[in-house]
Amino acid sequence: GLGAKNIKKSDGAGALANPAAADLDTVLVADVIYDGTQFVLQNPGVAAAGLSLLDEDNMASNSATAAASQQSIKAYSDATAEPNIARNPMLRFDQRAGTYTDLGTAVADLMDGYIMERITSDGSARFTATTETGGGINLASDWLKFEVTTADASPASDDGWSITQRLEGTYVQRLNQTTSGVKDFTYSADVIAYAHGSSPGVSFPATGTVMFRSHDGTNYLYGSKFTIDSAATWQRINCTFAASALPTMTNDTGSACQFQFFIDGGSTTKGKTTATWGTPTGGVSDSTHSPFADYAGNYIGFTNVDIYPGAAPRPFNPPLYHDDLTYCQRYYFRQDFDTAAHEYIVTCNVTSATLSRAVYWYPQVMRAVPSLSSSAAATWNVEDDDGTNISVTTIGLTSQVTKHNISVSLSFAGSATVGAGQWKRDGTDTSYIIGDADL
């Protein structure tokens, strides 16, 4: 074979010479040897013109002059290949279109995928939630803002408030170990917070908590801390959760776990101490969480949520709009019919002078058989086979309900012609169908 051969810079007269340090920017290849099976780069820190080796798992430096190590390439590709299991991570969908004021009195459904939880019934803090624009570190994302409207500077030890997302078992299996328990995993998000100058307990840097809780078998908790460096400034936070054999998450359509983004709470509700797994009965005391509910006008918000296996930070990758909407509509949908007067819904069968039936297909196969509701019966009509529009007096949404569709009954007064018909929006009324199969 070739044996070990050094390849060096030519001295210009046909001889090989070691390059001087000042000439390194002109060296194309330096100190490469053949060890019998492959060429091996010696002194890889100065491998080529202006090139250095960087072992950085998240490649955050984004360098144009550094080569990545095999280990960092593998870590980065493994991390970015894993799908984001968070629902509605960019806060793009608010099908409930609610007015979220006076929050804090009970559990409240918010926009798709998120609920506001009041841990017990004692705390007096109240909040308003709004969807804002121009958020995130890219200043281009929708974000969910929680502003304190009524302060509670001294909540009871077991009281607290959090924004919670529950996740279905079929969607979180990538977090499970091969045999039992969970892998290490990460919750990351863009976060912003503000404290009024008169807030007695919040200063920056401030501290927040994200808590994981398993729902199947024995419930286990793990709290991960994050730091908010400056007021009213977006930053990326990465909360990591250690691998453990304790939590179990069944592969089914039920709720397997939840992530709680805490706003505030008493001494036993702010989050499990960092790097500790425990059960709810073991207590969740941690006094380091900043008390954002202690003054009216304080706020905290987030967007661009990313939940994935592994502990390496990674850049947020926005999901496709269609995929994100489909994910949300598996749990809840609201379909509005408001684009045209007498808008066509679906073909129906007029079975008698006072009754027709129609099969209504949901926008997405639901997680479970949904509960259905609609606008008032008077917002619908049926056009019979003679072309006569007849106002509906009763709409039935409880018969033959499946995860795919429902057989809707539409009753009316008058004499409809039996035969084919059309279910329609009545004039320009506000007409909608809602399906709810949320966790």
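Student: Which residues lie nearest the centre of the largest pocket?
Tutor: This is a predicted model: local features need pLDDT of at least 70, side-chain atom pairs count only at pLDDT 80 or more, and totals for chains, interfaces and linings use all residues. Residues are numbered from 1 along each chain as its sequence is written, and side-chain values use heavy atoms, leaving out hydrogens and water. On a 1 Å grid over the protein atoms alone, a pocket is an open set of points with protein on both sides within 12 Å along at least five of seven lines, and a lining residue has an atom within 4 Å of a point. The largest pocket has 20 lining residues, and nearest its centre are Pro83, Asn84, Asn317, Pro318 and Pro319.

Student: Which helix gives the largest share of that pocket's lining?
Tutor: Helices are DSSP runs of H or I with at least four residues, strands are E runs of at least two, and both are numbered from the N terminus. The elements that give two or more residues to the lining are helix 1 (70-81) and helix 2 (321-329). The largest share, 3 residues, comes from helix 2.

Student: How many residues of the lining are nonpolar?
Tutor: Ala, Val, Leu, Ile, Met, Phe, Trp, Tyr, Cys and Pro count as nonpolar, Asp, Glu, Lys and Arg as charged, and the others, Gly among them, as polar. The lining holds 5 charged and 3 polar residues, and its nonpolar residues number 12.

Student: In what order do the 7 strands of the open sheet run?
Tutor: Two strands pair if DSSP finds at least two bridges between them. The pairing in this sheet is antiparallel, and the order is 8-9-12-17-14-15-18.

Student: Which are the edge strands?
Tutor: An edge strand here pairs on one side only. For example, strand 8 pairs with strand 9 (residues 115-118) over 2 bridges, in the antiparallel sense. The edges are strand 8 (108-109) and strand 18 (277-278).

Student: Which residues have the most contacts inside the largest nonpolar core?
Tutor: A nonpolar core is a set of buried Ala, Val, Leu, Ile, Met, Phe, Trp, Tyr and Cys residues joined through side-chain atoms within 4.5 Å. The largest has 54 residues, and those with the most contacts inside it are Met116, Phe146, Tyr187 and Phe259.

Student: Is Thr227 buried, partly exposed or exposed?
Tutor: Thr227 lies in strand 15 (residues 221-228). Buried means under 20% relative accessible area, exposed over 50%, and partly exposed in between, with a 1.4 Å probe and protein chains only. Thr227 has a relative accessible area of 39%, so it is partly exposed.

Student: Which residues does Thr227 contact, leaving aside its neighbours within four places in sequence?
Tutor: Contact means heavy atoms within 4.5 Å. Ala206 is 21 residues from Thr227 along the chain, with 5.7 Å between their C-alpha atoms. Ala206 is one of the contacts of Thr227, which are Pro205, Ala206, Gln235 and Ile237.

Student: How many strands does the chain have?
Tutor: The chain has 439 residues, and 45% of them count as buried. Its helices number 2, and its strands number 28.

Note on methods:
On a 1 Å grid over the protein atoms alone, a cavity is a set of points where a 1.4 Å probe fits but cannot get out, and a pocket is an open set with protein on both sides within 12 Å along at least five of seven lines; lining residues have an atom within 4 Å of a point.
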